[in-house]
Amino acid sequence: MIAAHLPALQVVVPLMAAPLCVLLRRPALAWALTLAVSWVVLAIAVLLLLQVLETGPVTYPLGNWAAPWGIEYRVDMVGAFVLVIVAAIGAVVTPFARRSVEHEIPRDRIYLFYAMYLLCLTGLLGIAITGDAFNLFVFLEISSLSSYVLIGLGKERRALTAAYRYLIMGTLGATFYLIGVAMMYMMTGTLNMADLATLMPAVADTRTILVALAFLTVGISLKLALFPLHLWLPNAYTYAPSVVTAFLAATGTKVAVYVLIRIFFTIFGGVEVFRINLIGDVLMGLAILAMVSGSAVAIYQNNVKRMLAYSSVAQIGYMVLGVSFATVTGLTGGIVHLFNHALIKCALFMALGCVFLRIGSVNIGDMAGLGRRMPVTMASFVVSGLSLIGVPLTVGFVSKWYLIQAALEKGWWPIAVLVLFSSLLAVIYIWRVVEVAYFRPAPEGGPAPAEAPLSMLVPMWLLTGASVYFGIDATRTLEVAGGAAAFLLKGTP
Amino acid sequence: MEFPGLYNYWITIVLMMVGFYIVIAHDNLIKKVVGLNIFQVSVFVFYISMAKVQGGTAPILDAGIETYSNPLPHVLILTAIVVAVATTALALALVVRIRNAYGTIEDDEIEGQEDDA
């Protein structure tokens, strides 16, 4: 029965397809294979989510080795939701990628690009599905190593240094995580997350576990680019090929946030980490700093890709803020923002990919008059931009509504004010682009850039449409995110 | 606990700090990779040390042997070594490309060139 093996197929299909891409070599064939695989992966993820909604968590012992000795794949509400986010973004980005990749990556390397893209997808899906702390490290490194390569494929030479710096930071982060896992293993003798969760309360007060928690938190914070560990992110996003930025911005950091949630609420689920330690306060403080400083720095950027990268730092702040509340409302806001921000940022970076394809630049000064020359692309940028700000009827509003509610529930109104303030800063930087694109005349002379090809516009509008659709009717996403939050917090009242 | 006691762990800590310091303090991109390697190796030593059981032998079932060392961390570290080798290879490949593009592998000189551009 194939349905029983869905959790394994989720990871194995893209993993097997990556070397196939290398064998195929022809760019068109590699792309076609990637397209097919990414949609199959999405189908599997949706089936898994439906299964989880119906029957509760799905477990799958790899190679039939029973947990906690063997590696176990475990899909619960949160995992399934993240799987769907990653797989959906992958499935939408692939059709977009064909024209953009042809334009930005040398022809003889295109098949390698798709192989790396599939490996990255494998790693990200693996992180979301595995129930084993060490296996998570392996998937983390698969996704990281392939994303360093993807970033290094950028046209400018600065892509290389950006990839190198990301590699150093990313490897430090992953090694920190490894130290944390080692210390947990020392105290409990298990690597299985569910097993760790049951054994943890007995040893939670030992210094070893506290140190482990610190290493895990710092390591993953490096990966998710939490302020002030975000320094690798702006350059990596700016100089990577457009497709890579769109994909990674929507998935890479989100999955890292998921790992953070896993650590706090599954592994340490029975311990109420946030009450014993300062960790909740520290995370909240950093999240707020990220929100404000990320948005503030974004205002001063002339490269729009870099501007959105800084905005990502701020948005990650929102997600971590949601996590740090450790209440159902807060966590729901954080988890739903994972999904919402993936939609928004992917669409925004796709719009920039279209712009780059046509005018060869993403500097704000070169975008004058684009509102009239590429109306469909810029309209998508504006709608997604509004969503980023959090205007009602868009998804951005839903997540911010929840975050503000969570802050008010606890009576921390200054935090609610800061969330609003950071949104106001977003108005400024999005407006800068809108002003140049719509209200400044196009430069004289030179060929007028045409609208982007349909194969790029359709995926972009699919995401933009989704970000409006889920903004108007958020019941479905909120049901899943709320369910996930309640499931995670069932240990703590 | 007599000296040297748990000296493996002291070595781990020293190696870890040495590696970490090199990564942070050196401008040479190759040296950074070396530092990163030392840092990773310290964690490997950590894993291997914690698996050792006093008086235990290799985990091969044999008559008359009661205590065995824990083989699992060793296996984990084999995996981690593979990951570390791949990371190093990728980092060195990037350094080669950086050297071709910038003509230097000193971080401060690269930054100087980036600021000019």
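## Overall shape of the two chains

The radius of gyration used here is taken over C-alpha atoms, and the globule rule it is compared with is 2.2 Å times the number of residues to the power 0.38. With that in hand, let's look at this predicted model. For the 493 residues of chain A, a compact globule would have a radius of gyration near 23 Å, and chain A comes in at 21 Å, which agrees. The C-alpha trace of chain A spans about 75 × 55 × 40 Å along its principal axes.

Chain B tells another story. Its radius of gyration is 20 Å, well over the 13 Å that the rule gives for 117 residues, so chain B is more spread out than a compact globule. Along the principal axes, its C-alpha trace spans about 70 × 30 × 15 Å.

## What each chain is built from

Chain A has 20 helices and 2 strands. Of its 493 residues, 64% are buried. Among the contacts in chain A with a separation of 6 or more, 79% are between residues 24 or more positions apart.

Chain B has 4 helices and 0 strands, running α-α-α-α from the N terminus. Buried residues make up 25% of its 117 residues. For contacts in chain B with a separation of 6 or more, residues 24 or more positions apart account for 45%.

## The strand pair in chain A

Strands β1 (residues 58-61) and β2 (residues 72-75) of chain A run antiparallel and are joined by 4 bridges. Across this pair, A:Tyr60 stands opposite A:Tyr73.

In a regular strand the side chains alternate between the two faces of the sheet. In β2(A), A:Glu72 and A:Arg74 point one way, while A:Tyr73 and A:Val75 point the other.

The largest nonpolar core holds 233 residues, and A:Phe81, A:Leu83, A:Cys346 and A:Met350 have the most contacts inside it. Helix α6 (residues 158-188) of chain A gives the largest share of this core, 20 residues. Leaving aside neighbours within four places in sequence, A:Phe81 is in contact with A:Leu49, A:Ile335, A:Val480, A:Ala481 and A:Ala484.

Helix α13 (residues 304-325) of chain A has 22 residues and reaches 32 Å from its first C-alpha to its last, close to the 32 Å expected. Of its 22 residues, 22 are buried, so α13(A) is largely enclosed by the rest of the structure. Just after this helix, A:Ala326 takes a positive phi of about 55 degrees.

Helix α16 (residues 375-389) of chain A has 15 residues and reaches 21 Å, close to the 21 Å expected. Here 11 of the 15 residues are buried, so α16(A) is also largely enclosed by the rest of the structure. Among the buried ones are A:Phe381, A:Gly385 and A:Leu388. The buried residues of α16(A) pack against several helices of chain A, including α13, α14 (328-359) and α18 (413-439). Just after α16(A), A:Gly390 takes a positive phi of about 100 degrees.

## Where the chains meet

The contact between the chains takes 22 residues from chain A and 25 residues from chain B. On the chain B side, the elements giving two or more residues are α2 (29-51), α3 (72-102) and α4 (107-116). Helix α3(B) provides the largest share, 13 residues. By type, the chain B side divides into 19 nonpolar, 3 polar and 3 charged residues.

Definitions and conventions
Residues are numbered from 1 along each chain as its sequence is written. Chains are lettered from A and ligands numbered from 1 in the order in which they are written. This is a predicted model: local features need pLDDT of at least 70, side-chain atom pairs count only at pLDDT 80 or more; totals for chains, interfaces and linings use all residues. Two residues are in contact if their C-beta atoms, placed from the backbone, lie within 7 Å. Ala, Val, Leu, Ile, Met, Phe, Trp, Tyr, Cys and Pro count as nonpolar, Asp, Glu, Lys and Arg as charged, and the others, Gly among them, as polar. A residue is buried if 20 or more other C-beta atoms lie within 10 Å of its own, exposed if 12 or fewer, and partly exposed in between; C-beta atoms are placed from the backbone. The expected span of a helix is 1.5 Å times one less than its number of residues. Two strands pair if DSSP finds at least two bridges between them. A nonpolar core is a set of buried Ala, Val, Leu, Ile, Met, Phe, Trp, Tyr and Cys residues joined through C-beta atoms within 7 Å.
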